[in-house]
Structure formats: structure tokens, C-alpha cells
Amino acid sequence: MMKRLKYLFVYILPLSVYYSFNNVGIKTFFPIILVFGIVPFLELFLKPDRTNFDPEKSLKEKNNRFYDWILYLSVPVQILMLASFLYVIELTPIDSVSFVGKVFSMGLLCGVLGINIGHELGHRSSRLEQLLGEILLLTSLNTHFLPYHNEGHHREVATPSDAATAKKGQTLYSFWFTSHFGSYAKAWKIENNRMKRKGRFVFSLSNRMVVYSLANVLLLGSIYYFFDLKVLFAFLAASVIGILLLETVNYIEHYGLLRSKKESGRYERVNASHSWNSDHQIGRLMLFNLSRHSDHHYKASKKYQILESLPESPQMPTGYPGMMMLSLISPLWFSVMDDKIAS
């Protein structure tokens, strides 16, 4: 039971964001301090946990609905927190430290609950679960993530064609732009091609990118209508922060890793060596095992609770929060990671 309940740990984050929303000054930055200060510090002393379920236990846990309900719970929580943010930020002076702290806190929630869990649900075969994932992604205006991630990134990962694979020597700040806008353009291309194959008009409501674009406009218009320009600006800023967190995660997950090209011109199949892996325990819990990224790409349909630590996976020196902080300092990042690629 404890192995299941531990995934509820992620809900410490919305609690910390609630604390931020109800405080002023430096206290509003508590969620940021928690995730990017306290967690990386603790992970320096906690050993990575590389244990996996045995096959029988894995099958049992795969079919346990408790893990699914933990994900479903994030949808009302995220919507409630977003609504709270809109009301709270309206009363917060835009030129205050509190305004910045609350925007960053909401942005962190957009990245972890919105995009990360939206990603997990977006991989499910159930249309209802995919819809829940789309709702979560909408809270950070990143709905285009699903078409490209599922049908582009997983196919092109660890190749020069993949917008979400950082090249060796590329800075995080350059990658933010190439990944986000490259993924957005390719999402349109994927959906447009799908419409053409089905003989449908490209700009019809059968095109997910059209529907997503309309949903984004409707959400932004509603925020402006029911609140004001300041609140709209705050929401946009929080969304950008959530997106940048996603792109930073993309950066650390695949930095510098490339698949070999065969004589036929095709790339080798994706395997566990084409994604960086982290078994650091707190980061794993906060991101629903996303840090076991090698196995996720090896078998994309695998549910988060049964992802495995594979011996051939290249290992990060610390957990995701610490690696994300390291990536902000490009020379230090290169000095740590480039040698690992070469080895």
C-alpha cells in the first residue's frame, strides 16, 4: 500500500501553492524554494532507488485503478487552483514581490500538474483520459504538446529532426525557442497531414490543432472578460513559466543523445540508451516516474507506476529538480554532461 500512497506526495505542491496564494512577500516563493532548493538538497543525500517490480507484481500494479485515480484527482485540483490564482492575483499589486511569487508558483503548478500529468494521460488509449489530459494542458496553453509528442517526438527522438531533442553543445536558452516553436509547427503539420489523408478540410473541427486554438482563445477571452488585463497578463506569464519548465525537462531528458543511422538511411530503433534516466526518489514521486524516461521511450504505452530502471540507460548525476537548476548555467552543464555523452 505504501508503494501506492507515495505518489500522493505530489499533492504537497498544490498545498504549497495554496500557502503562497495566502501569503505576501518572500513567503509567496515557498513552492519554488521547495522544488528547486529543498528537494535538490535532499537528493544529494538520498540514494537512487533502482528497484523494479517483479513481472507478477508489475502486472498487478499495472491494473490497479488507484494509480489512475491519483491522476484524475489532479484535474479538479488544477482547475480549483487556477480559479484561486485568478481571484488572488486580481487583488495583488502588480508591482509587488507577492505578484511575482504567486505567478511563479502558479507556473510551477502548470508545469507539474498541468503539463506533466497531462502528458501521462495523453498517452492513454481511453478518449476520456486523453480529454482530461487536454484539459490539464489547456491550463498552461500547451495543448499542441499532445499531437507532436505522441506522433512526432516519440518517433523522431534522438535524431536531428526532433525539435524536443537538444543537440550537444546547445544551450538551454536556445533550446527553449527551437523546441517550443518547432514542436508547435510540427503539431500543425501532423494534424494537417492527418486531415489530408482522411480527405477532410484542413481547418475543420476534426483538426485537433484548430480545436485547441479555439479553446486557447476562449480561455484567454474568458479571463479578460471576467477579470481584467492584469489578470490576463498574470495567467499568460504563469503559462509561459509552465511551458519553460516543460522545455527544460525536455532538454535534460535527451541532451546530446543520438540514434545511429543504418546503411538504409533509417535510424536504429529507440532503445533505453536514447534518454537520460534518473532514479532519484523525490524527483520520481513529484513527476510520476517521468524521470525513468528511458523506459518511457522504450515502451511509451507503459503506465507510470510500472516504469523500470534499465541498466543500459545513461544516468543523470542527480534528480530532475537539481538537473534543471544545473542546466541554467550552460558552461557548468556542458562540463558535467558532455563528458558523460562521450563516455
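Which helix gives the most to the lining of the largest pocket? In this predicted model, local features need pLDDT of at least 70 and side-chain atom pairs count only at pLDDT 80 or more, while totals for chains, interfaces and linings use all residues. Residues are numbered from 1 along each chain as its sequence is written, and side-chain values use heavy atoms, with hydrogens and water left out.

The answer is H11, with four residues. Helices here are DSSP runs (H or I, at least four residues), numbered from the N terminus. The largest pocket has a volume of about 300 Å³; a pocket is an open set of points on a 1 Å grid over the protein atoms alone, where a 1.4 Å probe fits, with protein on both sides within 12 Å along at least five of seven lines, and lining residues have an atom within 4 Å of a point. The volume is the space filled by probe spheres set on the points, which are joined across faces, edges and corners. Of its 13 lining residues, Phe36, Phe104, Ile241, Leu245 and Leu328 are the closest to the centre. H3, H6, H9, H11 (229-254) and H14 (320-327) each supply at least two lining residues.

Turning to one helix, H9 (residues 172-197) contains His180. This residue is buried, at a relative accessible area of 15% (buried means under 20%, with a 1.4 Å probe and protein chains only). Beyond its neighbours within four places in sequence, His180 is in contact with Asn142, His144, Phe175, Ile243 and Glu247, contact meaning heavy atoms within 4.5 Å.

Note on methods. Buried means under 20% relative accessible area, exposed over 50%, partly exposed in between (1.4 Å probe, protein chains only).
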